[in-house]
Amino acid sequence: MNYRHSYHAGNHADVFKHAILLRMLQLMQRKETPLCYLDSHAGTALYDLAGEQANKTGEYSEGIGRLWQHADLPALLADYRAAIARHNPDGQLRLYPGSPQLMADALREQDRMILSELHPEDADVLKAHFAGQDAIAVHQRDGYELGKAFLPVTEKRALWLLDPPFERGDDLERCLQAIDTGLQRMRQTVVALWYPIKDTRALKGFYQQVAARDWPKALRVELNVRPADTTLGLNGSGLMLVNPPWPLWEELDNLLPWLSEHLAQAPGANWRMDWLVGGP
Ligand SMILES: C[S@@+](CC[C@H](N)C(=O)[O-])C[C@H]1O[C@@H](n2cnc3c(N)ncnc32)[C@H](O)[C@@H]1O
């Protein structure tokens with residue numbers, strides 16, 4: 001396990017993932033009934049953007065750094081920036097919340113969350129960080145087992161993020177199987193699976209496998225900050241969303257062109273959104 005998210009926190013992929021994840025939670029919270037957030041690959045709670053690891057790559061400067069001082073953000077992004085601003089009260093961008101912190105901040109009294117993180121150091125940090133908060137359970141265990149272990153949840157409403165490091169060739173396959181198991185146990189689970197876009201050919205099989213799934217609905221949302229097949233590394237990223245809450249896709253229709261323009265790192269930045277299973 002070599003991947004450390006501290007090198008990448010706040011980059012274009014985090015902006016894309018976290019802004020949409022937060023909006024999904026907000027839309028689910030329009031109902032008063034409780035919900036449970038599950039995070040399979042939690043990482044840690046807060047990342048120091050002035051730290052050695054973040055500065056080594058400087059990735060955040062092309063991500064949250066571009067939005068931080070922007071005068072005229074779309075509403076969805078203004079909410080996301082406000083969620084980060086609460087950890088940077090003096091206005092200087094220094095701490096970036098990972099998915100567990102971002103979602104913990106947005107939980108209501110009736111909600112709860114279950115986190116898993118396999119890396120012992122990060123799991124210990126998370127445990128210490130959320131100690132004493134009864135609504136937040138942290139497990140140092142394999143995130144692919146989360147659905148099998150905890151679904152169905154008593155609340156009958158769940159939002160589940162799968163966000164693996166993609167260090168192994170079979171991470172997508174393992175995610176698909178974990179989602180299959182989770183949906184068999186609770187079909188209405190709302191799932192967000194994040195995936196990197198480096199080489200589109202490598203993703204073709206994944207798309208075909210999703211399209212053949214017996215899932216209720218699957219929405220593919222992708223944002224590339226440069227043409228998808230450059231050899232420069234992470235050209236973009238995607239979210240495969242199962243059972244996304246309405247009217248997310250209508251909102252993303254406005255948001256994605258804006259993000260694509262403002263996070264672009266080269267001509268040819270682009271986005272797409274379409275249903276691979278079911279439809280609106
Ligand atoms: C991309 S990072 C997570 C970022 C976090 N979800 C966020 O958005 O802020 C992936 C994390 O998964 C952890 N990890 C790797 N394999 C895992 C596994 N099988 N189960 C749980 N966590 C795992 C890594 O240690 C790393 O912290």
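Student: What should I know about the model before we start?
Tutor: It is predicted, with local features needing pLDDT of at least 70 and side-chain atom pairs counting only at pLDDT 80 or more, while totals for chains, interfaces and linings use all residues. Residues are numbered from 1 along each chain as its sequence is written, and side-chain values use heavy atoms, with hydrogens and water left out.

Student: How many residues surround the ligand, and which are the closest?
Tutor: There are 22, counting a residue if one of its heavy atoms lies within 4 Å. The closest are His 18, Ser 99, Glu 117, Gly 143 and Asp 163.

Student: Which polar side-chain atom lies 2.9 Å from a ligand oxygen?
Tutor: One from Lys 17; a polar contact here is a pair of N or O atoms within 3.5 Å.

Student: And the backbone?
Tutor: A polar backbone atom of His 41 is 2.8 Å from a nitrogen atom of the ligand. Gly 143 also has a backbone N or O atom 2.8 Å from a ligand nitrogen.

Student: What is the shell made of, by class?
Tutor: It has 6 nonpolar, 9 polar and 7 charged residues. Ala, Val, Leu, Ile, Met, Phe, Trp, Tyr, Cys and Pro count as nonpolar, Asp, Glu, Lys and Arg as charged, and the others, Gly among them, as polar.

Technical notes:
A polar contact is a pair of N or O atoms within 3.5 Å; within protein, one must be able to donate a hydrogen and the other to accept it, and residues adjacent in sequence count only if both atoms are side-chain atoms.
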